[in-house]
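Here is a short report on the structure shown below.

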Protein chains: 2
Amino acid sequence: MGKLYAVGFGPGGYEHMTAKAIDVIKNADIVTGYTTYVEMLRKFFPEKEYVATPMTKEMDRCRMAVDLAAEGKTVAMVSSGDSGIYGMAGILLEIANEKKADVEIETVPGVTAASAAASILGAPLMHDFTIISLSDLMTPYSLIMKRVDCAGQGDFIVCLYNPKSKKRADYVEKAAEILMKYRDGKTPVGVVRHAGREEESSYITTLDAVKDAPIDMFSIVIVGNSNTYVRDGKMITPRGYEDKYGFANVE
Amino acid sequence: MGKLYAVGFGPGGYEHMTAKAIDVIKNADIVTGYTTYVEMLRKFFPEKEYVATPMTKEMDRCRMAVDLAAEGKTVAMVSSGDSGIYGMAGILLEIANEKKADVEIETVPGVTAASAAASILGAPLMHDFTIISLSDLMTPYSLIMKRVDCAGQGDFIVCLYNPKSKKRADYVEKAAEILMKYRDGKTPVGVVRHAGREEESSYITTLDAVKDAPIDMFSIVIVGNSNTYVRDGKMITPRGYEDKYGFANVE
């Protein structure tokens with residue numbers, strides 16, 4: 001029986017890879033993934049055999065990975081962040097079921113983009129939050145924005161994945177408008193581009209100014225809850241809604 | 001200027017620690033944290049100097065860590081999961097601000113419990129989700145359950161942290177009742193105890209049977225969305241709501 005690992009290697013740098021992700025990649029017969037991810041890993045593990053495929057070919061890549069593992073090879077399918085969050089783990093399980101492939105699939109969890117972005121911004125995720133992808137490739141626009149509305153109603157911190165593309169240039173702004181039905185326009189919003197990679201940069205703005213923020217497809221956007229504040233350039237959400245420690249409304 | 005790291009070491013085993021977390025702990029002058037976490041790490045890094053404090057003393061522990069760093073020491077404050085999610089990162093920043101301490105604080109992100117639990121259950125987090133803590137120590141019960149309701153309305157996958165304690169024995173059941181206003185009682189629910197540790201175990205049940213599930217304070221509970229299904233003992237959420245790949249409603 002072959003072995004297929006769905007490996008999340010975290011935000012991008014070697015330092016945020018887990019010991020297991022490093023070990024699995026080092027010992028795999030074949031490492032496969034979207035071209036951009038393969039190129040990131042080639043720097044750290046130059047001796048490996050890689051099979052890279054373009055982004056739009058992910059179903060083909062998953063089928064290939066399952067087939068290679070069924071032949072008895074040890075295959076690592078890599079992706080950034082956590083492979084269990086909007087990742088390849090689910091597709092691999094679905095394809096292996098469909099093919100009735102004699103393959104053992106194991107997911108190696110990684111540091112998801114929300115954690116990486118939050119660590120750069122300060123500590124925005126100290127309380128309940130949602131992760132919402134603004135990609136409408138496979139989810140209707142109406143459902144995405146309904147979720148943003150629910151997150152607003154519940155005063156959740158909101159992490160937006162895939163915030164912007166050329167076709168979806170105004171989705172972040174629309175989401176901000178919805179959230180402003182429930183929270184102040186001055187609510188802090190953090191944007192991190194290329195979290196954990198060499199090109200990393202971050203930017204803190206507010207809900208009502210988000211339309212002018214430098215957001216692109218390599219960004220994660222984190223909108224604070226009603227208690228989030230900024231001090232000394234750090235975005236901080238207090239741990240609770242009851243002021244036991246005397247920290248609430250510290251600004 | 002001293003250096004203080006808020007280090008998340010992931011679910012508990014060495015394998016899911018990041019390269020940076022390992023490096024920071026190895027090079028710290030002092031490692032501090034809640035007693036249980038310190039004992040976990042002592043097995044992996046027996047030579048280090050540790051200062052352990054009981055769980056309820058976390059504010060004292062954070063003040064001590066800031067003071068030690070202000071003296072010029074390199075301090076690693078450790079916690080399981082990601083230190084930026086319901087972790088120590090926010091408290092450390094707040095205390096350092098309060099004390100005007102000359103300390104550089106850096107958060108080292110880790111694998112959060114939701115990722116660890118999901119990797120064991122299958123692939124439940126392939127779509128938008130919420131993380132909600134059921135602890136009412138610092139958040140009113142009414143707000144917690146309002147958030148569960150919002151998560152239900154938005155058809156979010158729901159990850160429940162701190163699902164149960166002696167005083168909050170029925171909160172998971174209450175949350176399940178709220179979610180059943182919006183989704184079927186047969187919706188899969190995954191429970192993982194001690195994710196990523198030696199004692200790890202997992203259990204898959206349904207919303208309407210959750211009251212009989214083995215859930216305790218060491219558990220993470222993941223409730224699927226309306227599309228989540230179980231096959232071959234794995235809990236899988238399809239990636240989208242539009243059936244481009246012919247996988248929707250596969251059961």
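## Where the chains meet

In this predicted model, 70 residues of chain A are in contact with 70 residues of chain B. Contact means heavy atoms within 4.5 Å. About 6,400 Å² is buried between chain A and chain B, and carbon and sulfur atoms carry 60% of it. Buried area is the accessible area (1.4 Å probe) that two parts lose on being put together, summed over both. On the chain A side, Glu94(A), Met138(A) and Arg147(A) lose the most area to chain B. Together they give 12% of what that side buries.

Polar contacts are also counted here. Between chain A and chain B there are 36 residue pairs in polar contact, both residues at pLDDT 80 or more. A polar contact is a pair of N or O atoms within 3.5 Å; within protein, one must be able to donate a hydrogen and the other to accept it, and residues adjacent in sequence count only if both atoms are side-chain atoms. Helix H4 (residues 89–99) of chain A gives the most to the side that touches chain B: eight residues. Helices (H or I, at least four residues) and strands (E, at least two) are DSSP runs, numbered from the N terminus. By class, the side of chain A that touches chain B has 33 nonpolar, 20 polar and 17 charged residues. Ala, Val, Leu, Ile, Met, Phe, Trp, Tyr, Cys and Pro count as nonpolar, Asp, Glu, Lys and Arg as charged, and the others, Gly among them, as polar.

## Salt bridges

The structure holds 29 salt bridges over all chains. Six salt bridges cross the interface of chain A and chain B. The rule asks for a side-chain nitrogen of Lys or Arg within 4 Å of a carboxyl oxygen of Asp or Glu.

Glu15(B) and Lys20(A) pair in a salt bridge, 3.8 Å from N to O. Lys20(B) forms a salt bridge with Glu15(A), with the closest N and O atoms 3.7 Å apart. Lys20(B) sits in helix H1 (residues 19–27) of chain B, and Glu15(A) in the loop between strand S1 (2–8) and helix H1 (19–27) of chain A, so this pair joins two chains.

## Two domains in chain A

Chain A is assigned domain 1 (2–111) and domain 2 (114–236). The bounds come from an automatic or database domain assignment. Over C-alpha atoms, the centres of these domains of chain A are 28 Å apart. Nine residues from domain 1 and 10 residues from domain 2 make the contact.

The two domains of chain A bury about 700 Å² between them, 62% of it from carbon and sulfur atoms. Pro11(A), Tyr86(A) and Val111(A) supply 56% of the area that domain 1 buries against domain 2, more than any other three residues. Between the domains of chain A there are zero salt bridges.

## Backbone notes

Tyr86(A) has a positive phi of about 45° although it is not a glycine. Tyr86(A) is in the loop between strand S4 (74–79) and H4 of chain A.

## Conventions

Residues are numbered from 1 along each chain as its sequence is written, and chains are lettered from A and ligands numbered from 1 in the order in which they are written. Local features need pLDDT of at least 70, side-chain atom pairs count only at pLDDT 80 or more, and totals for chains, interfaces and linings use all residues, while side-chain values use heavy atoms, with hydrogens and water left out.
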